[in-house]
Amino acid sequence: MKKILSKFTFALVASFAVLLLATGAQAQRESPRSRGYTKAEVDAIIHRVESRSDEFRHLFDKALDNSRLDGTRREDELNAQAKRLKNSLDNLRREFDRNENYRDTRPQVSSTLDIAADINRTMRRRRLGGETERQWALLRDELNTLADVYELRGLR
């Protein structure tokens, strides 16, 4: 009886171990880039990016006004970059709403990420205050989520 119970316990533990290994392997195969998204999920991500972008743009402008760049051509260029990001997001929103398949807006997302990469370089080089930098970090995270959805390179 003891031998049978021991064999049964061993078989049960071995089965459990195989089940855990199979589950772990499945989780590794399902990276964020291979996950399928619904249009509603992507819509929510785009909405978060738009909201974060609006907040960032306001803080960015204020931080530039309080920096040594205030009144310079460079300040105008940086504000123009932030405006280009907003316009690119507006274009993404229009195209996203117009298309049935969200994957059709991949070029607009790529363009948006290119503009955001320029702002990201600026944010990494300059110190514009804690709140502006915190808001950029939040926006950058949302943009990276969008990049994952469309299997594009994100921002560092």
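Visitor: What makes up the secondary structure of the protein, helices or strands?
Guide: It comes to 5 helices and 0 strands, running α-α-α-α-α from the N terminus on. Helices here are DSSP runs of H or I with at least four residues, strands are E runs of at least two, and both are numbered from the N terminus. Bear in mind that this is a predicted model, where local features need pLDDT of at least 70 and side-chain atom pairs count only at pLDDT 80 or more, while totals for chains, interfaces and linings use all residues. Residues are numbered from 1 along each chain as its sequence is written, and side-chain values use heavy atoms, leaving out hydrogens and water.

Visitor: Why are α2 and α3 called roughly antiparallel?
Guide: The axes of α2 (residues 39–65) and α3 (residues 73–98) come within 10 Å and cross at roughly 165°. That makes α2 roughly antiparallel to α3. The rule is that angles over 145 degrees count as roughly antiparallel, under 35 as roughly parallel, 65 to 115 as roughly perpendicular, and the rest as oblique. Axes are lines fitted to C-alpha atoms, for helices over the stretch in contact, and angles run from 0 to 180 degrees between N-to-C directions.

Visitor: Which classes of residue make the contact of α2 with α3?
Guide: There are 11 nonpolar, 3 polar and 11 charged residues. Ala, Val, Leu, Ile, Met, Phe, Trp, Tyr, Cys and Pro count as nonpolar, Asp, Glu, Lys and Arg as charged, and the others, Gly among them, as polar.

Visitor: How do α3 and α4 run relative to each other, and how do you know?
Guide: Their axes come within 9 Å and cross at roughly 155°. That makes α3 roughly antiparallel to α4. The crossing is left-handed; that label is used if the near helix is turned anticlockwise from the far one by less than a right angle, and right-handed if clockwise. The contact, meaning heavy atoms within 4.5 Å, includes L85, L89 and N91 of α3 and V109, T112 and I119 of α4. Its residues divide into 9 nonpolar, 7 polar and 4 charged.

Visitor: Why is N91 called partly exposed?
Guide: N91, in helix α3, has a relative accessible area of 29%, so it is partly exposed. Buried means under 20%, exposed over 50%, and partly exposed in between, with a 1.4 Å probe and protein chains only.

Visitor: Which residues of α4 are buried?
Guide: Among them are V109, L113, A116, I119, N120 and M123. What covers the buried residues of α4 includes α2, α3 and α5. For the whole protein, 33% of the 156 residues count as buried.

Visitor: How do you know that the span of α4 is close to the one expected?
Guide: α4 has 20 residues and reaches 29 Å from its first C-alpha to its last, close to the 28 Å expected. The expected span is 1.5 Å times one less than the number of residues.

Visitor: What makes α4 and α5 roughly antiparallel?
Guide: The axes of α4 (residues 106–125) and α5 (residues 130–149) cross at roughly 150° and come within 11 Å. α4 and α5 are therefore roughly antiparallel to each other. α4 passes α5 in a left-handed crossing. The contact includes L113 and A116 of α4 and W136 and L143 of α5. By class, the contact of α4 with α5 has 9 nonpolar, 3 polar and 2 charged residues.
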